[in-house]
Amino acid sequence: MEAASVPAAVERAGKKTKVRDPAKPRTPWWLWLAVAGIVVFCLFPFYWLLNTSLKTGADLSTSALVPPSPTLSNYEAIFRDANFTIALKNSAIVALVTTALSLIVGSFCAYALARLRMKRKFLILAIVLSISTFPQIAIAAPIFKLWRDVGLYNTIPGLVIPYLTFALPLTIYILTSFFKEIPRDLEEAALVDGATNFEAFRKVVVPLAAPGLATAGILTFIAAWNEFLLAITLTSSTSARTVPAAIAFFTGATQFEQPLGTISAASVIISIPLILLVLLFQKRIVAGLTAGAVKG
Amino acid sequence: MAEIQLREVTKRYPDGTEAVKQVSLDIADGEFMILVGPSGCGKSTALRMIAGLEEISDGDLIIGGERVNDLAPRDRDIAMVFQNYALYPHMTVRENMGFALKLAKEDSSEISKRVDEAARILDLQDHLERKPANLSGGQRQRVAMGRAIVRSPKAFLMDEPLSNLDAKLRVQMRTEVSRIQQRLETTTVYVTHDQTEAMTLGDRVAVMRGGLIQQVDSPKNLYERPQNLFVAGFIGSPSMNFLPARLEGDTIKLPFGDAPMPDELRGKLKGDGKGRDVIAGVRPEHFEDAIVEPDKPGLKFSAPVTVVESMGSELYAYFEVESGGVQSAELVELAEDAGLSDLPSHGGDGQQVVARLAAASGARPGQKAEMVLDTQKIQLFDPDGGKSLTAAA
């Protein structure tokens, strides 16, 4: 198949332009144009956010593509504000704890679903997934009431627990499919090599499911980091308020100033960890680690 | 090192099917035992029960004098080589081979010493820091072997370890496996569906079919004195020819002539005067071209050759004999296993017979060939149940 198409590609390439690597046909110019269009379309809002965050006062109302007098004063302002820095810390704790718990509990559940000979496995998975389809607005009020009664209102666990309810189904779903891909022989080899079931899981299965763990972890982290509705419903003070909720309480530097600049600056700041995370783990997500496990 | 004993070991699945039925087998210390049989005969299940990867439904498994039925695989001190090698893809060759020792909390200098030693035996020194994905099939196979031998376990269990290699490499690795086993003198149980591997490697071979052991014997005995039709047909390549025959007195009436009873059977298989239907088994090499060897004693006949396959050192000549064909459950299963059940030569009117002739033979397709059959080597089987009359006598 491949061998047959190569000479034809060379012939075609030879007629039009200089001979290029026949295995890599030239990307047409219109494709590049389309890619550029999509990139601009997706990134322009973020650019505008950045643009706004560098403006103050009257500049905020201009629509110039480049800020007339760029300044970092909005950033200085938000970092001077304890409400923001505490919220940033809360956000980090909530997102990290949610991610860690969701990965630990989720990987156990997913392993059981992938490996045990159980009846109605599909039904269990379907029920787990269906939980994530509940509209958050429908559960926000009941949780608010419940948390007030049991004393979890306005606490960090009070946010982590509901976040887990929507993080776990996704984590379990992603990891189940990853675990199913890992050849059973590898675990059996580990068992015969002297591993306990848990050691086989931790030392063989988990490392091989790393791309799945990374994917599930990043999605959970992003969801928990960005969550707004429950964050604003279930918190009342800075003790548990996360950044998306805290931004809603921003006021201008003076009573008469619009907080648009500081809101933008805060939004830029909370986007940074997510961007770093995705760039960092991109390779991990894409890489297939099982290559070579079984005769290829 | 230890002996392995299976005492009426049975594997029963929840739906009631039995993959292994009351198998008893004694494997001596240091012995190389082969379990061989067509797919689905229970050989792999039996091996996995020894490893502890399948629960034993009934019976006892004794390794080194200790009943290990309820021990986890990790407590049985056995090493296993898997068909697809099951190398840990995220570990280097060194880590793969040292994994078991690391789990056993050996210190790292000892691990590294033993891994180096195993790598030297297997000629893997140059590849220790590579990942399995970067190794060739043969190298991966050697790493899988290495992972087993670094541990100096009580026994090696090998589940078709060579079946993923190409033909040439397989022959090479076969010698290698044999060499390593002789050097380490570790009890080895080796599962294969390839009768050539079974014959060349094993001290003893257990032929299995339908969850039952058919015969346990040395390769030579299996070949020369198979106890039933199944073993006779399974062992040997090309397989033994089976022909409908009739015993009358001391004469065997074959489709291509009458043969005298082999000496060792003479007098022992007296019918009741009326004669008796039997199945005659003839190995391809017991035919010879009568022109090449005119002095060879035996039953001379001429047959129309349909196909000739030249192997260089010898010829396989196929010819058809007129007969009703041989019917037996064992033979049907053998044919199914070989994928031959749909071919017209099986169960049709004519019966195909293959003869292994000297390379000098003048046999040509479409022509009649003069052949001589060594009647002393004819084996007889009971058509009812397939038991060998030769082995029983």
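Which residue in β7(B) is the bridge partner of Val81(B)? The partner is Met158(B). This is a predicted model: local features need pLDDT of at least 70, side-chain atom pairs count only at pLDDT 80 or more, and totals for chains, interfaces and linings use all residues. Residues are numbered from 1 along each chain as its sequence is written, while chains are lettered from A and ligands numbered from 1 in the order in which they are written. The model scores are ipTM 0.84 and pTM 0.80.

**Confidence and overall form of chain B**

- Chain B has an average pLDDT of 89, pLDDT being the predictor's confidence in each residue, from 0 to 100.
- In chain B, 92% of the residues score at least 70.
- Residues 343–348 of chain B fall below 50 in pLDDT. Beyond near neighbours in sequence, this stretch has six contacts in the model. Two residues are in contact if their C-beta atoms, placed from the backbone, lie within 7 Å.
- Chain B holds 10 helices and 20 strands. Helices (H or I, at least four residues) and strands (E, at least two) are DSSP runs, numbered from the N terminus.
- Along the principal axes, the C-alpha atoms of chain B fill a box of roughly 75 × 45 × 35 Å.
- Chain B has 393 residues, and 44% of them count as buried. Buried means that 20 or more other C-beta atoms lie within 10 Å of the residue's own; exposed means 12 or fewer, and partly exposed is in between, with C-beta atoms placed from the backbone.
- Take the contacts in chain B between residues at least 6 apart in sequence: 72% of them join residues at least 24 apart.

**The six-strand sheet of chain B**

- Six strands form an open sheet with mixed pairing, in the order β6-β7-β8-β3-β9-β10 (chain B). Two strands pair if DSSP finds at least two bridges between them.
- β6 (78–81) and β10 (212–217) of chain B are at the edges, each with a single partner strand, so one side of each has no neighbour in the sheet.
- From one strand to the next, the twist averages 15 degrees.
- β6(B) and β7 (residues 155–159) of chain B run parallel, joined by four bridges.
- Helix α4 (residues 137–149) of chain B packs on this sheet and touches β6 and β7 of chain B. The direction of this helix makes about 175 degrees with that of β6(B). Axes are lines fitted to C-alpha atoms, for helices over the stretch in contact, and angles run from 0 to 180 degrees between N-to-C directions.

**Other strands of chain B**

- A second open sheet has four strands in the order β2-β1-β4-β5 (chain B), with antiparallel pairing. Its edge strands, β2 (18–27) and β5 (66–67) of chain B, each pair on one side only.
- β1 (residues 4–12) and β4 (residues 58–63) of chain B are antiparallel over five bridges. Gln5(B) has Ile62(B) as its bridge partner in β4(B).
- β14 (residues 276–282) of chain B is mostly covered, with five of its seven residues buried.
- β14(B) pairs with β11 (residues 241–248) of chain B in the antiparallel sense over seven bridges. Here Arg246(B) stands opposite Asp277(B).
- β14(B) also runs antiparallel to β20 (residues 379–381) of chain B, through three bridges. Ala280(B) is bridged to Leu380(B) in β20(B).

**Arg179(B)**

- Arg179(B) lies in helix α5 (residues 167–184) of chain B. Arg179(B) is exposed, with 11 other C-beta atoms within 10 Å.
- Arg179(B) and Tyr223(B) are 44 residues apart in sequence and 23 Å apart in space, C-alpha to C-alpha.

- Helices α4 (residues 82–115) and α10 (residues 210–226) of chain A have axes that come within 9 Å and cross at roughly 145 degrees.
- The residues making this contact include Ser91(A) and Gly106(A) of α4(A), and Leu213(A) and Trp225(A) of α10(A).
- The contact between chains takes 22 residues from chain A and 24 residues from chain B.
- On the side of chain A that touches chain B, α8 (184–192) and α9 (197–208) of chain A are the elements that give two or more residues. The largest share, six residues, comes from α8(A).
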